[in-house]
Amino acid sequence: MSAPEEPVSGRFGPVGQCIYCRSDNVTLNIEHIIPYSLDGTLELLAASCDICTKATHAFEGHVAGQIFGDWRFQADFPSRRRTKRAATVDVNVISGRTSGEIPIDRQDYRAFVPIIRLERPNIFDRRSEPEEFIMHCDFAATKGLSAKDMGVDFVIRKGQINPSKFCRMLAKIAHGYAVLSLGIDGFDHLLTPMILKEGERIFWYVGGYPEIAPALNFAISDTIIHALLIWQKDSPDGESLVGVDIQLFANLRDVHPDVSGSGMPIYSVVVGNSNSLTGERFGSGFFYPKVSKRSGSTPRD
Ligand SMILES: [Zn+2]
């Protein structure tokens, strides 16, 4: 397992064409490599057209709302949110035969964080393509009041995990990070059709490391940290692949209460094939320069 090493943040670019459909004569938006709704702070300037932005927002909304929604309900992220959220929340509970709402302090809400571990991308193990997909899901609970502490039988939580949407989000993150690292022409893209439109073949390229990962030992603070690492590996057929390992919320520690220092899972995503430019661009930092946060929202050039 090649654990991502360090978090990155900042605005880079401009790319000057849509990193998904390659359009360049349209309005281009800032692309949050990790969704803003998950407190992503890594951005590509002039990198996503309106149509592709809309397509990626659809599954980002599922991940933020359905998968991590219970946690976001409690936690105050994005941390750059300007308006303070209400200090109390109404929790839906069931007690006996009655249901209702109980207001509690937000910090006392015991949120559930899904810990989704994935098997390696099918391309490496040649598992029956493309349908086979294995997901292991545990839940970590934040500090807070249990149903018993609140004197009720159950606390009602809403949410669901759509594996395809989750994997499309991982694909989007990995693709954007590969573009940042190597340039839009620095590898042959494999994932863009699956990012823009649902397809089962995504499990061929998107997976993870099923073992329990360590938490990132880096600047533990109140800030949410995501860690990324780009790699080159050969496929079983000898093709040179480019991929990205992703650890979301990488500084969350003791995720599995019985495993000291355990962290969130690490995902592994094959984003493309190496081309004639890949080798020279590897290991030389990001392809696009860092730009000031003040430099406009969507300039094309
Ligand atoms: Zn586009």
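1. A definition to start: two strands pair if DSSP finds at least two bridges between them. Helices (H or I, at least four residues) and strands (E, at least two) are DSSP runs, numbered from the N terminus. This is a predicted model, where local features need pLDDT of at least 70 and side-chain atom pairs count only at pLDDT 80 or more, while totals for chains, interfaces and linings use all residues. Residue numbers start from 1 along each chain, as its sequence is written.

2. Here is the overall picture. The chain holds seven helices and 14 strands. Of its 301 residues, 40% count as buried; the label is given when 20 or more other C-beta atoms lie within 10 Å of a residue's own, with exposed meaning 12 or fewer, partly exposed anything in between, and C-beta atoms placed from the backbone. Contacts are also worth a look: two residues touch if their C-beta atoms, placed from the backbone, lie within 7 Å. Among contacts between residues at least 6 apart in sequence, 74% join residues at least 24 apart.

3. Now the three-stranded sheet. Its order is β5-β4-β8; the sheet is open and the pairing antiparallel. β5 (98-105) and β8 (154-155) are the edge strands, each with a single partner, so one side of each has no neighbour in the sheet. Eight bridges link β4 (residues 88-95) to β5 in the antiparallel sense, and T88 is found opposite D105 of β5. As background, strands of a sheet pair through backbone hydrogen bonds, either parallel or antiparallel.

4. Two further strand pairs deserve a glance. β6 (residues 112-118) runs antiparallel to β7 (residues 135-141), with seven bridges between them, and I115 faces D138 in β7. β6 is mostly covered, since five of its seven residues are buried. Further along, β11 (residues 227-234) and β12 (residues 240-247) are joined by eight bridges, again in the antiparallel sense, with Q247 of β12 as the bridge partner of A227. These two strands make a hairpin with five residues between them, and G238 in the turn has a positive phi of about 85°.

5. The open four-stranded sheet has the order β2-β3-β1-β14, with mixed pairing. At its edges are β2 (28-32) and β14 (290-291), each having a single partner strand, so one side of each is left without a neighbour in the sheet. β2 and β3 (residues 42-49) run antiparallel, joined by four bridges; N29 has S48 in β3 as its bridge partner. Helix α1 packs on this sheet, touching β2 and β3, and its direction makes about 120° with that of β3.

6. How do α1 and α4 pack? Helix α1 (residues 50-67) meets helix α4 (residues 163-182) at an angle of about 120°, with the axes 9 Å apart. Axes are lines fitted to C-alpha atoms, for helices over the stretch in contact, and angles run from 0 to 180 degrees between N-to-C directions. The two helices are therefore oblique to each other, given that angles under 35 degrees count as roughly parallel, over 145 as roughly antiparallel, 65 to 115 as roughly perpendicular and the rest as oblique. On the α1 side the contact is made by T56, F59, E60, H62, V63 and I67, and on the α4 side by K165, F166, R168, M169 and K172.

7. L216 sits in the loop between β10 (206-208) and β11, and is buried, with 24 other C-beta atoms within 10 Å. Leaving out residues up to four places away in sequence, L216 touches I225, A227, Q247, A250, N251 and G263. Its C-alpha atom is 9.1 Å from that of H226, 10 residues apart along the chain.

8. Finally, some backbone geometry for your checks. G13 and P14 are joined by a cis peptide bond, with omega about 0°; P14 belongs to the loop between β1 (10-12) and β2. R22, in the loop between β1 and β2, is a residue other than glycine with a positive phi, near 65°. R22 counts as partly exposed, with 13 C-beta neighbours inside 10 Å. D39, in the loop between β2 and β3, is not a glycine either but has a positive phi of about 70°. Is D39 buried or exposed? D39 is buried, having 24 other C-beta atoms within 10 Å.
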